[in-house]
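User: I would like to learn how to read an interface and a sheet in a model like this one. Could we go through them together?

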Amino acid sequence: MCGVLGGDKAYEAVSEHLGVGHDETTEDGKFTLEHAECLAACDYAPVMTINYEFYDQVDADAAVDIVRRLQSGTSPLPSRGARLCTFKQIEMQLAGFQDDRPSTTGEGPAGTPTLAGVRLADSVGVSVPGYDPNTPIPAVRPKDPPPAPAKKNEKGAK
Amino acid sequence: MSAISVAQDVLTPVLTKRWLTSDAWTIDTYELLDGYRGLRKAFTATPDELIQLVKDSGLRGRGGAGFPTGLKWSFIPQGDGKPHYLVVNADEGEPGTCKDVPLMMADPHSLIEGIIITCYAIRSNFAAIYIRGEVVHAIRRVQNAVREAYAKGYLGKNILGKGFDLDVVVHAGAGAYICGEETALLDSLEGYRGQPRLKPPFPATNGLYSSPTVVNNVETIASVPFIVLGGADWWKSMGTEKSPGPKIYSISGRVNRPGQYECGLGTTLRQLIELAGGMKEGHQLKFWTPGGSSTPMLTAEHLDVPLDFEGAAAAGSMLGTTAVMLQRPGRPGLRGLPVH
Ligand SMILES: Cc1cc2nc3c(=O)[nH]c(=O)nc-3n(C[C@H](O)[C@H](O)[C@H](O)COP(=O)(O)O)c2cc1C
Ligand code: FES
């Protein structure tokens, strides 16, 4: 859970619901709660991630609701893309292995904040004038052969 | 001042334009929308002509410091017999910054196309994309784009029959803010703990594996195909004289429509707030940061400061990543943001 725009309230609500604080795990071992740094989604704030999948614009009620659904054994759909997978599966993906589940790239258009500017531009008919993809790339005369390379540094010690 | 007239004045949908098409992240749709056309055109020019073109465009790095991109590329020694590398900085760790993730989600091929053109220009046959590990959804989209590009012959050996080879790998970072700093990032890529290196030497001569390396931000590289297609003069028709081109401003905080707004560099906060539907009811602007939480705070006095590299600096702050955060009054400005 990141901390802006009410994120701290949502965090507190989840913390109270689960009975654990930052970096603590519930007795059944199923949930570990963490206060997150900025998750590069401030336009969707406050955001919560579960096993690295994003739940965007969650207030306290929404956050607790998502946790409740997990507790009851359902898998609430993240806001952008793939279904939840296990932490182990995510670790494999971060290590560079391909995620073989179908449609993990996530379908559907981007969210409202992502598209805010370009939709506004579209609605008022703005496009940048003067764009011609056939504009020639100016020629550059090949340089004279480079001067003999300056004495090479001895191999930089690392 | 109405939102419509401001929108007409400042919005410049270039990098974000394809985002409107919901499956532009697939290669088939990307190709229908002029995708890989910039690459084909780039291959008709020489590498030096491309470096000169990017110099002429005045493109400056979008990762925070605003270093001229063409100049950075020209520092790579040519004919030195060493391998050259391109490393794309997709760490997006500066708190408040949230532009590269949506770009990689909505239009990852523009990044791949930019990488191929850049590598051709700096004579590199290997590029790495370093993405912060927390955004697995974006990592999957970029990995998917890389796979698609290989399958269509845009990556690999003898690309488009032009005799140019390029391999691209996607690397997931382990979630440390400092790894966004370019030399720490290089250490992290090499498998060491990410810690900034002493400079000099600079990455241009001693970067990845001690070889000449260009490190550029995602948005910088994604700009390249557009410059190749539209030309330097068209690029400079947007933005300001010293900070030309379009820029993705990310507006977050107490506004009605937070999000990504691509405008010419030099747009003011007053205009950005107007685009974002105004401040939320009952909120007044007090403090704001123009480019991520490490850029010095500004106040309501600075509503009309042109937000380009020069303007933000003259106001005592920094343009940074144009992650504009509007704090609510009466609240400690940086509450909720991590302290490092
Ligand atoms: C502490 C620190 C964190 C940084 N984090 C990022 C980052 O997350 N993304 C990024 O592109 N640049 C970041 N930078 C800037 C990079 O060091 C580098 O200047 C940039 O990637 C160069 O690309 P550009 O010329 O295209 O902007 C950071 C710099 C510092 C000092
Ligand atoms: S502060 Fe929540 S994602 Fe940036």
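User: Which residue forms a salt bridge with Glu53(A)?

Analyst: A salt bridge here is a side-chain nitrogen of Lys or Arg within 4 Å of a carboxyl oxygen of Asp or Glu. In this structure Arg140(B) is the partner of Glu53(A), and their closest N and O atoms are 2.7 Å apart. Across the interface of chain B and chain A the rule finds 1 salt bridge. This is a predicted model, in which local features need pLDDT of at least 70 and side-chain atom pairs count only at pLDDT 80 or more, while totals for chains, interfaces and linings use all residues. Residues are numbered from 1 along each chain as its sequence is written, chains are lettered from A and ligands numbered from 1 in the order in which they are written, and side-chain values use heavy atoms, with hydrogens and water left out.

User: What is the area buried between chain B and chain A?

Analyst: The size of an interface is often given as the accessible area lost when the parts come together. Buried area is that loss with a 1.4 Å probe, summed over both parts. For chain B and chain A the value is about 5200 Å², and carbon and sulfur atoms give 61% of it. Counting contact as heavy atoms within 4.5 Å, chain B contributes 71 residues and chain A 58 residues.

User: Now the sheet: in what order do the 5 strands of chain B lie?

Analyst: Strands (E, at least two residues) are DSSP runs, numbered from the N terminus, as are helices (H or I, at least four). Two strands pair if DSSP finds at least two bridges between them. The order is S6-S5-S9-S7-S8 in chain B, an open sheet with mixed pairing. At its edges are S6 (259-264) and S8 (298-299) of chain B, each pairing on one side only. Strands S5 (246-253) and S9 (323-326) of chain B run parallel, joined by 4 bridges. Ile251(B) stands opposite Val324(B) in S9(B).

User: How many helices and strands are there in chain A?

Analyst: Chain A has 4 helices and 4 strands, running α-β-β-β-β-α-α-α from the N terminus on.

Notes:
Buried area = accessible area lost by both parts, 1.4 Å probe.
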